[in-house]
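Welcome, and please load the model in your viewer.

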Amino acid sequence: MKQKWIAGIMTAMLLGTMAAPPMALAADASPRQARKIVQTAGRDRLGEFAPEFARYNDDILFGEVWSRNDILPLRDRSIVTITALISSGVLDSSLKSHMMRAKQNGVTQEEMAEIITQLGFYAGWPKAWAAFNMAKEVYGAP
């Protein structure tokens with residue numbers, strides 16, 4: 001019965017005899033809760049040499065900016081960050097770390113491949129090749 005009803009609505013919409021029904025809110029459409037990000041890489045690697053830079057990295061960049069994930073989800077922040085790094089030619093361990101973070105944040109292997117392919121046309125083919133080598137390591141691809 002439900003299938004007939006849906007088919008009837010779809011047919012009517014295609015024929016233009018009725019307006020589209022209002023969309024229900026997605027399951028995740030409710031306000032998101034911010035999740036605090038704790039990062040120690042700055043202090044671990046540069047704490048003694050550049051303590052203020054380490055603090056900016058750990059407390060400001062990750063502790064504040066990345067923690068605003070109620071506004072921009074972590075998955076999206078990962079995609080934006082990877083895009084910026086590859087486009088800027090930052091093809092070192094920081095890109096690999098952000099790819100691992102992206103994987104943890106739900107970016108699939110197929111999505112990562114598509115992101116890098118898209119970037120190849122805009123950021124440069126050699127950058128894409130380098131990023132693919134790193135992504136293969138992160139996703140355990142042959």
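Helices here are DSSP runs of H or I with at least four residues, strands are runs of E with at least two, and both are numbered from the N terminus. This is a predicted model, in which local features need pLDDT of at least 70 and side-chain atom pairs count only at pLDDT 80 or more, while totals for chains, interfaces and linings use all residues. Residues are numbered from 1 along each chain as its sequence is written, and side-chain values use heavy atoms, with hydrogens and water left out.

Select Trp125, which sits in helix α7.

**Stop two: two helices packing**

Next, show α4 (residues 74–88) with α6 (residues 109–123); they pack at an angle of about 35°, their axes 10 Å apart. Axes are lines fitted to C-alpha atoms over the stretch in contact, and angles run from 0 to 180 degrees between N-to-C directions. On the α4 side, the contact (heavy atoms within 4.5 Å) includes Ile79, Ile82 and Ile86, and on the α6 side Met112, Ile115 and Leu119 are among the residues.

Select Ala41 in helix α2 (residues 41–46). Leaving aside residues up to four places away in sequence, Ala41 touches Leu46 and Asp58. Then pick Arg43 and Asp59, whose side chains meet in a salt bridge (2.6 Å, N to O). Asp59 lies in helix α3 (residues 51–66) and Arg43 in α2, so the pair ties together parts 16 residues apart in sequence. A salt bridge needs a side-chain nitrogen of Lys or Arg within 4 Å of a carboxyl oxygen of Asp or Glu, and the count comes to five.
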